[in-house]
Amino acid sequence: MGRPGLACALLLAACCCCCRRAAGVPGEAEPPTPELVEVEVGGTALLKCGPSHSPGNFSHMDWFSVHKEKPTLIFRVRKGQGQSEPGEYQHRLSLQDRGTTLALTHITPHDERIFLCQGKRPLSQEHRIQLRVYKAPEEPTILVNPLGISVNSKEPVEVATCVGRNGYPIPQVIWYKNGHSLKEEKNRVHIQSSQIVESSGLYTLESVLKAQLAKEDKDAQFYCELNYRLPSGNHMKESQEVTVQVFYPAEKVWLEVEPAGMLKEGDRVEIRCLADGNPPPHFTISKQNLSTKEIEEMTPEDTGTLVLESAQKEHSGLYQCQGLDLETMASLLSDQQELLVNYVSDIWVSPAAPESQEGGSLTLACEAESNQAVEFQWLREKTGQVLEKGPVLQLHNLKREAGGGYRCVATVPSVPGLNRTRLVHVAIFGSPWMTLKERKMWVSENAVLNLSCEASGHPRPTISWSVEGTAQEQDQDPLSVLSVLSVLVTPELLETGAVCLASNSLGRNSTTIFLELADSSRSTGPRVSTASPSVRANSTSTEKKLPEPESKGVAIVAVTVCVLVLAVLGAVLYFFYKKGKLPCGRSGKQEITLPPSRKSEFVVEVKSDKLPEEMGLLQGSSGDKRAPGDQGEKYIDLRH
């Protein structure tokens, strides 16, 4: 083709291009830079057809969505009225601002594309809008390697994994160690990230940190950070900090003792082997005797701890820990540490069984073995009274009451709580002493009753009973014995009572127990005879049965009867006086004259069953009292 033909062809092409622009076919011409609209997922995008200051008639236009450079009609505006086209946007589009703005609701990541509006009148015009969609990811989660990392690894090993879910677009991940960001480093740090597109169009990001770690990283804090953008600007979210277990060989082994400070016998002691390796090595403990230099091997618990539940002086010695690394088979030894268990042992008193006559003297000496300075003091066992400070106790002019327990206390002042005691019983020769143990009680016939009797003395007494029964003896202390007799209550026992007899080579003593039936009208309570502890042991005292006072009503009745009897007697005397048979007012004694046949009948008896105490109500003003044997009977003989 010649040059005129080429010129014609170019002119024709230019005309066609102009015609196409005039025809308004979208996508054929070079598009201008689109307007940017940003919105978050779930929000509403407002699409304006051109700048707000641009003039134009918006009563007739079409809206297109451009996907992969292919425009698709989604909305028509005719005479100011909008109509959605069938498709994915059919129910999410509406006109606003008098038809100048198209609103797209319920934004999803799939809506991120170019939207194009094209006007028809008065001139064909076109406007492009780039819609950008954003969604903040969820809080990142971090998963640490549960197996741990060995410092002997030759290449980077997984430290942790960071996951950020449901973000859009894909966020950027940054790893940190102890607050400092990590970057790719050959053979040292490697970060591998991947993402998954969910059905919603959102992204889930997964980032794996791999690194070579050293012993110094055993306490290092790792975390990840997600950086993302929203219409409001740039943002970030951080995960929690995690620590990965780092395995490294031990370089040092040492020993610790708990509790610290002065130890004493009976303390709970823990001997711990420790090392700076992870995992700790396998421990064994050796103990060297300070005297014999012999070495004893001990096996601690899996934690490397040896527990002495009750430490004794035999546990004293030089202790040492040995740690064996099972991976490298290297062995490490700790420094030796002395364990000293302070003690007071083998305390004894001489004489071991002290005894003396009444009025005699005794010397008690106390000794003890200890690795520390010891102080002594003597206490009375039954009262706790301090008798002497020092190892020797002198007892003079001994009495029966001085017998019993004496306690020597050996104390180490330099070790709080370390002491030991020894109890010794002092015996004073003498006949038995009796102690009342039975309470007063009512008894029932044919019932089984336990009678108890306690006696003390030196030599130790023996106890026997005057009645048959089952007796059991219990030693109260080296000088005392308690006998319990089980008997059946019989009429014979009620009559005679029970006698407890205690005897030794120096004498005897007894306690008599009297019993009475609980339902007897004559009963006045149990009668008990016993030697009081305050009475000398070789004497016996008896508590007599005392009658109980009768009621006031009985006494009133008795007085009334007596008064009536006296009234009758007065009437008889008055009768004889009137007959002239009674010579009143004359001196001397006169006989009352009666007929012989009746002379013997006039004998008046006044009788009372009152006790001597109550008969005092009937005594004259002279205050004369009857003898204790007088039972209150009085006879007035009128025959003489």
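Cysteine 117 is buried in this predicted model, because its relative accessibility is 0%, under the 20% cut-off. Cysteine 117 forms a disulfide with cysteine 49, and their sulfur atoms lie 1.9 Å apart. This pair belongs to a set of five disulfides found in a search of the whole structure. The chain has 640 residues, of which 36% count as buried, and its secondary structure comprises four helices and 47 strands. Among contacts in the chain with a separation of 6 or more, 59% are between residues 24 or more positions apart.

**Disulfide of cysteine 49 and cysteine 117**

- The torsion about the S-S bond of cysteine 49 and cysteine 117 is about 95°, so this disulfide is right-handed.
- The bond links distant parts of the chain, 68 residues apart: cysteine 49 is in the loop between β2 and β3, and cysteine 117 is in strand β8.
- Cysteine 49 also counts as buried, because its relative accessibility is 6%.

**Other disulfides**

- Cysteine 366 and cysteine 408 form a disulfide with their sulfur atoms 1.9 Å apart.
- The S-S torsion of cysteine 366 and cysteine 408 is about -95°, so the bond is left-handed.
- Cysteine 366 lies in strand β32 (residues 362-370) and cysteine 408 in strand β36, so that distant parts of the chain, 42 residues apart, are linked.
- Both cysteine 366 and cysteine 408 are buried.
- Cysteine 453 is joined to cysteine 500 by a disulfide with an S to S distance of 2.0 Å.
- For cysteine 453 and cysteine 500 the torsion about the S-S bond is about -80°, so this disulfide is left-handed.
- The bond connects distant parts of the chain, with cysteine 453 in strand β39 and cysteine 500 in strand β43 (residues 498-504), 47 residues apart.
- Cysteine 453 and cysteine 500 are both buried.
- With bonded cysteines counted along the chain, the disulfides follow the pattern 1-2, 3-4, 5-6, 7-8, 9-10.

**Largest nonpolar core**

- The largest nonpolar core has 24 residues, and those that touch the most other members are Trp63, Leu104 and Leu131.
- Two or more residues of this core come from each of β1 (35-40), β2 (45-48), β3 (60-67), β4 (70-78), β7 (101-104), β8 (114-119) and β9 (125-134).
- Beyond its neighbours within four places in sequence, leucine 131 is in contact with Val37, Val39, Ala45, Leu104, Ile107, Asp111, Glu112, Arg113 and Phe115.

**Largest pocket**

- The volume of the largest pocket is about 380 Å³.
- The pocket is lined by 17 residues, and the closest to its centre are Gly403, Gly404, Ser456, Leu479 and Ser480.
- At least two lining residues are supplied by each of β36 (404-411), β37 (419-428) and β39 (448-458).
- Strand β39 gives the largest share of the lining, three residues.
- Strand β39 also holds cysteine 453, and strand β36 holds cysteine 408.

**Backbone features**

- Most residues other than glycine have a negative phi, and most peptide bonds are trans.
- The peptide bond from asparagine 278 to proline 279 is cis, with omega near 0°; proline 279 lies in the loop between β22 (269-275) and β23 (282-288).
- A cis peptide bond also runs from serine 350 to proline 351, with omega near -5°, and proline 351 is in the loop between β30 (344-350) and β31 (355-356).
- Lysine 293, which is not a glycine, has a positive phi of about 65°.
- Lysine 293 is located in the loop between β23 and β24 (295-298) and counts as exposed, because its relative accessible area is 52%, over the 50% cut-off.
- Methionine 329 likewise has a positive phi, near 60°, and its place is in the loop between β26 (317-324) and β27 (331-333).
- Methionine 329 counts as exposed because its relative accessibility is 53%.

Definitions and conventions. Residues are numbered from 1 along each chain as its sequence is written. This is a predicted model: local features need pLDDT of at least 70, side-chain atom pairs count only at pLDDT 80 or more; totals for chains, interfaces and linings use all residues. Side-chain values use heavy atoms; hydrogens and water are left out. A nonpolar core is a set of buried Ala, Val, Leu, Ile, Met, Phe, Trp, Tyr and Cys residues joined through side-chain atoms within 4.5 Å. Buried means under 20% relative accessible area, exposed over 50%, partly exposed in between (1.4 Å probe, protein chains only). Contact means heavy atoms within 4.5 Å. On a 1 Å grid over the protein atoms alone, a cavity is a set of points where a 1.4 Å probe fits but cannot get out, and a pocket is an open set with protein on both sides within 12 Å along at least five of seven lines; lining residues have an atom within 4 Å of a point. Grid points are joined across faces, edges and corners, and a volume is the space filled by probe spheres set on the points. A disulfide is a pair of cysteine sulfur atoms within 2.5 Å.
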